[in-house]
Amino acid sequence: MINRQITHTAGEGKHRVQLQATFTEEGIILTILGGEKPHIGAMVLAEPRPSLADPALTSCTTTVVPRLGHKDDEIARPLAEELARRSGQPVVAVAGLHVEKAQKEDIDLLVKHAREAMAELLRNSLIKLLP
């Protein structure tokens with residue numbers, strides 16, 4: 001059973017990023033889409049666990065599967081790990097953001113907007129949804 005879906009967006013035009021979290025009883029499915037051509041660029045599975053250096057802290061074991069020629073995992077991995085650590089739930093993230101002939105400024109804006117959407121999710125939604 002799906003408990004709840006929450007969507008947050010940040011940015012405008014070709015730099016707009018949409019983040020959607022689907023909360024289930026046994027984990028969270030996170031989609032991070034944006035740019036001019038949303039697609040499937042990478043998949044990340046982040047499993048929270050006690051840190052090896054300090055068991056009082058939460059870390060993650062993470063599996064990353066990027067599509068050939070894609071770098072969407074560079075956005076998906078840190079967001080999936082943050083959500084897994086903060087929620088204590090496994091997180092599967094699928095990300096695909098594309099701007100044609102992207103320059104460094106385009107990539108920086110997509111990363112910034114993805115982080116802003118995640119911050120909004122954590123600030124306004126996560127606490128209310130977890131046991």
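Reader: How much space lies in the largest pocket?
Author: About 370 Å³, in this predicted model.

Reader: What makes a residue part of the lining of that pocket?
Author: A lining residue has an atom within 4 Å of a pocket point. The largest pocket has 16 such residues. Lys71, Asp72, Leu97, Ile107 and Leu110 lie nearest its centre.

Reader: Which elements supply at least two residues of the lining?
Author: Helix 1 (73–87), strand 6 (91–98) and helix 2 (104–129) do. Helix 2 gives the most, with three residues.

Reader: How do the lining residues divide into nonpolar, polar and charged?
Author: Seven are nonpolar, four polar and five charged. Leu97 counts as nonpolar because Leu is in that class, and Asp72 counts as charged because Asp is in that one.

Reader: Which residues does Leu79 contact, leaving aside neighbours within four places in sequence?
Author: Leu19, Leu30, Ile32, Ala114, Arg115 and Met118.

Reader: How do you know that strand 2 and strand 3 pair?
Author: Pairing needs at least two bridges. Phe23 stands opposite Ile28 in strand 3. A hairpin links the two strands through two residues.

Reader: What is the bridge partner of Ile28 in strand 6?
Author: Val91. Strand 3 and strand 6 run parallel there, over eight bridges.

Key
Residues are numbered from 1 along each chain as its sequence is written. This is a predicted model: local features need pLDDT of at least 70, side-chain atom pairs count only at pLDDT 80 or more; totals for chains, interfaces and linings use all residues. Side-chain values use heavy atoms; hydrogens and water are left out. On a 1 Å grid over the protein atoms alone, a cavity is a set of points where a 1.4 Å probe fits but cannot get out, and a pocket is an open set with protein on both sides within 12 Å along at least five of seven lines; lining residues have an atom within 4 Å of a point. Grid points are joined across faces, edges and corners, and a volume is the space filled by probe spheres set on the points. Helices (H or I, at least four residues) and strands (E, at least two) are DSSP runs, numbered from the N terminus. Contact means heavy atoms within 4.5 Å.
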